[in-house]
2 protein chains.
Amino acid sequence: MSDLTQRQTEILDFIRSQLRETGFPPTREDIARQFGFSSKTGAQDHLMAIARKGYIELVPGNARGIRLLKEEAAELSHQFELPLIGSIAAGTPITAETNVDTWLRVDPELFHPRADFLHRVSGHSMKEANILDGDIVGIHAQDDADNGQIVAAVMPHPRTGEDEITLKRYFRRGKKITLKPENSAPAYKPLEIDLAPLDGDSQEQTPFRIAGVYAGLIRVRG
Amino acid sequence: MSDLTQRQTEILDFIRSQLRETGFPPTREDIARQFGFSSKTGAQDHLMAIARKGYIELVPGNARGIRLLKEEAAELSHQFELPLIGSIAAGTPITAETNVDTWLRVDPELFHPRADFLHRVSGHSMKEANILDGDIVGIHAQDDADNGQIVAAVMPHPRTGEDEITLKRYFRRGKKITLKPENSAPAYKPLEIDLAPLDGDSQEQTPFRIAGVYAGLIRVRG
DNA sequence: TTCTGTACTGTTATTTGGTACAGTACACCT
DNA sequence: AGGTGTACTGTACCAAATAACAGTACAGAA
């Protein structure tokens, strides 16, 4: 899909984020400042390239005359939408564009704490926390959790090795972390992770990280 | 709701339409031209009045620095909201304005079947259907149901006599209707209703009606 | 009656922002 | 070896846009 270069993608993302945050597109100077260019012309060149490739339209003679085109424009008002995150591409932040399956029109502020993204639950491991197979859970992004909270943990799938999100109840005692399913059936075993063999606070070496804490759910079928 | 004057409302609408059509807000001159002002100052005065009343925010020193504020941005699309229905005033249709506690920004089409309104569950009578106290259920409005479906039933509260919504699993056998809670604790007893003593198809005389069928739920706390 | 708010006209100063032109450097393709 | 596209720096001009000041007129509230 994307015949944009890395830099052009970054700039398009910046335009989108500016629209979301400020309500209007950035100027050439805004873009230059954001990316550390010393000249507006750099930004202008990129805009023209992105426009030529059909992602935006530049309206000549108009300040901030940048228009997102077609499917781009639909994503404009993400203000009351949440991304549904599927599988996680290696090395990407969790809410990176590539991990977003779709956007659902649900107000993030409905949840407490506020939801930053959604994830569709697969399996029955949290059944006794009343979270069922197919439920869509709201997750508040944060990288740690309190004991007893339900967390969205990111770790490689045991067979495929691909990063995936799983819900578990989190407990930490010193260097020992327990991720506990809420299902007393014998098939569901708590997962024990020992941080001790790792270098201090470096988490890069463990294939486990907390993406956020459970903030509620949506069940879409009667 | 609107403490804006006629003219101010027109101008706010123009800003909204410009945002939709061009992707960025108008300038003072755009506004002046649209309304036939010969001076930009007229537009500026209006913008400052609208901003003072909290509908927009003006970002000083920025071309087209007009931002719709949250409430305003929401009113752009009434179509992705659902009314939360609390108690039912006597003799009113269920989604009548007076019964609406608030509007929540949730896409009705998320649910299957489509939700027409929301209702906050109180109590534990549907616990074993994984519907908990405090959950917000989506209801698809219809006046009958299939056997075994969970319905939103409207009937007078046993003590106060005020109409209220309760969730129950619905069964009908001839003239006999059973509304069954999903909680095996002895406190929760099925409710039996016999339509036989009533005049044919007239339901006005029975203090029970189906408001719709359960279509899913939202749980807003982790 | 005075004050405040609405609804403008008219003018001007100043900043913001778009855009053209002239370069440099590097990578990739043919 | 030369052409094309990307990714910038640097300068400059001028139109676009904000914003302030000074008015007029009218309407409703204190």
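## Surface near DNA strand D

In this predicted model, α3(A) gives the most to the surface near DNA strand D, contributing five residues. Three helices each supply at least two residues there: α1 and α3 (40-52) of chain A, and α3 (40-52) of chain B. In total, 25 residues surround DNA strand D. The closest come from both chains: R7(A) and D45(A) on one side of the list, K40(B), G61(B) and R64(B) on the other. By class, this surface holds 14 polar, seven charged and four nonpolar residues.

R64(B) places a polar side-chain atom 2.4 Å from a phosphate oxygen of DNA strand D. S38(A) uses a backbone N or O atom, which lies 3.0 Å from a phosphate oxygen of DNA strand D. G61(A) also uses a backbone N or O atom, here 3.5 Å from a sugar or linking oxygen of DNA strand D.

## Surface near DNA strand C

DNA strand C has 25 residues around it. The nearest are K40(A) and R64(A) from chain A, with R7(B), T41(B) and D45(B) from chain B. These residues divide by class into four nonpolar, 14 polar and seven charged.

What does T41(B) reach on DNA strand C? An N or O atom in the side chain of T41(B) lies 2.6 Å from a base oxygen. A polar backbone atom of G61(A) is 2.9 Å from a phosphate oxygen of DNA strand C. A backbone N or O atom of R28(A) lies 3.1 Å from a phosphate oxygen of DNA strand C. The elements giving two or more residues to this surface are α3 of chain A, and α1 (6-22) and α3 of chain B. The most comes from α3(B), with five residues.

## Contact between chains A and B

The contact draws 36 residues from chain A and 37 residues from chain B. Together the two chains bury about 3200 Å², with 55% of that on carbon and sulfur atoms. Three residues stand out on the chain A side: R105(A), L110(A) and R219(A). They supply 20% of the area that chain A buries against chain B, more than any other three residues.

Polar links also cross this contact. Between chain A and chain B there are 16 residue pairs in polar contact. The count of salt bridges between chain A and chain B is two. One of them joins D107(A) to R105(B), with the closest N and O atoms 3.3 Å apart.

Which elements give two or more residues to the side of chain A that touches chain B? They are α1 (6-22), β2 (66-68) and β11 (209-219) of chain A. The largest share, six residues, comes from β11(A). By class, this side of chain A has 18 nonpolar, nine polar and nine charged residues.

## A strand pair across the contact

β11(A) also pairs with its counterpart in the other chain. Three bridges join β11(A) to strand β11 (residues 209-219) of chain B. The two strands run antiparallel. In this pairing, L217(A) stands opposite R219(B) in β11(B).

Within chain A, strand β8 (residues 163-173) pairs with strand β9 (residues 176-180) in the antiparallel sense, over five bridges. R169(A) of this pairing stands opposite K180(A) in β9(A). The hairpin of β8(A) and β9(A) has two residues between the strands. In that hairpin, G174(A) takes a positive phi near 65°.

β9(A) has a further partner. Strand β10 (residues 191-194) of chain A pairs with β9(A) in the antiparallel sense, over four bridges. Here I177(A) stands opposite I193(A) in β10(A).

How values were computed:
Residues are numbered from 1 along each chain as its sequence is written. Chains are lettered from A and ligands numbered from 1 in the order in which they are written. This is a predicted model: local features need pLDDT of at least 70, side-chain atom pairs count only at pLDDT 80 or more; totals for chains, interfaces and linings use all residues. Side-chain values use heavy atoms; hydrogens and water are left out. Contact means heavy atoms within 4.5 Å. Buried area is the accessible area (1.4 Å probe) that two parts lose on being put together, summed over both. A salt bridge is a side-chain nitrogen of Lys or Arg within 4 Å of a carboxyl oxygen of Asp or Glu. A polar contact is a pair of N or O atoms within 3.5 Å; within protein, one must be able to donate a hydrogen and the other to accept it, and residues adjacent in sequence count only if both atoms are side-chain atoms. Ala, Val, Leu, Ile, Met, Phe, Trp, Tyr, Cys and Pro count as nonpolar, Asp, Glu, Lys and Arg as charged, and the others, Gly among them, as polar. Two strands pair if DSSP finds at least two bridges between them. A residue is near a molecule or strand if one of its heavy atoms lies within 4 Å of it.
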